[in-house]
Amino acid sequence: PGSDVRAWVLKIKSQPGDSGALALAALIVDRLDRDEGLQSSVRSSLQELKHLLARFVLISRGREVGLVGELLFLRHLANHYGDSAAIKSWLGPPREPHDFSLSSFDVEAKTTDGERRIHTVSSETQLMPSPGRRLFLLSIQLSEAGTGEKGQSLHQLVDEARSGAGDATDLLEYRLLEAGWDDQLAELYTTRF
């Protein structure tokens, strides 16, 4: 069995893009070299890889797109009201029915990366104005920028927001944490919008 696995490893090495399979194969071969049986080596290696991957949980593509949209609108608000006021207006995902609350109105930001502006509403209160306030629905449509000069990744938008946060830094960090942002995984968000 060990020679079959080694042949599998050599085959994987020759194919680009299969680094996950190569990592699993390397774990299995290492255990086989320590005279563990094939079944035990495969089971232990899969378990080890599962524990390793559990530490790296990226936010879903939909949440990534939504956070990119909110950070883009945050930048827009910062240009008009200043960084601190913009960050203080961002209510974040989990608590409030609307994403942003300014002095006389609220904004619900909906972002899509689809070809059509189709948005999902997660609760009936998202499109209902708070008593005595106006509510605006902001529809943001993103497309992938590839290597385009004006494209930005989620990681770059987070860095930009942090650079001007000033006295609202703690609040910004809290909002990012609520949104599922993890600095240890920042470099994995490579899609530029």
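Modeller: Before we start, a residue is called buried when its relative accessible area is under 20%, exposed when over 50%, and partly exposed in between, with a 1.4 Å probe and protein chains only. This is a predicted model, in which local features need pLDDT of at least 70, side-chain atom pairs count only at pLDDT 80 or more, and totals for chains, interfaces and linings use all residues. Residues are numbered from 1 along each chain as its sequence is written, and side-chain values use heavy atoms, with hydrogens and water left out.

Biologist: Why is Arg-175 called buried?

Modeller: Its relative accessible area is 7%, and because the limit for buried is under 20%, Arg-175 falls into that class.

Biologist: What makes the contact of Glu-178 with Arg-175 a salt bridge?

Modeller: A salt bridge needs a side-chain nitrogen of Lys or Arg within 4 Å of a carboxyl oxygen of Asp or Glu; the closest N and O atoms of Glu-178 and Arg-175 are 3.3 Å apart, so the pair qualifies. Both residues lie in helix H7 (residues 169-178), three residues apart, about one turn of the helix, where helices are DSSP runs (H or I) of at least four residues and strands (E) of at least two, numbered from the N terminus.

Biologist: Which residue forms a salt bridge with Asp-113?

Modeller: The partner is Arg-61, with the closest N and O atoms 2.8 Å apart; this pair links distant parts of the chain, 52 residues apart.
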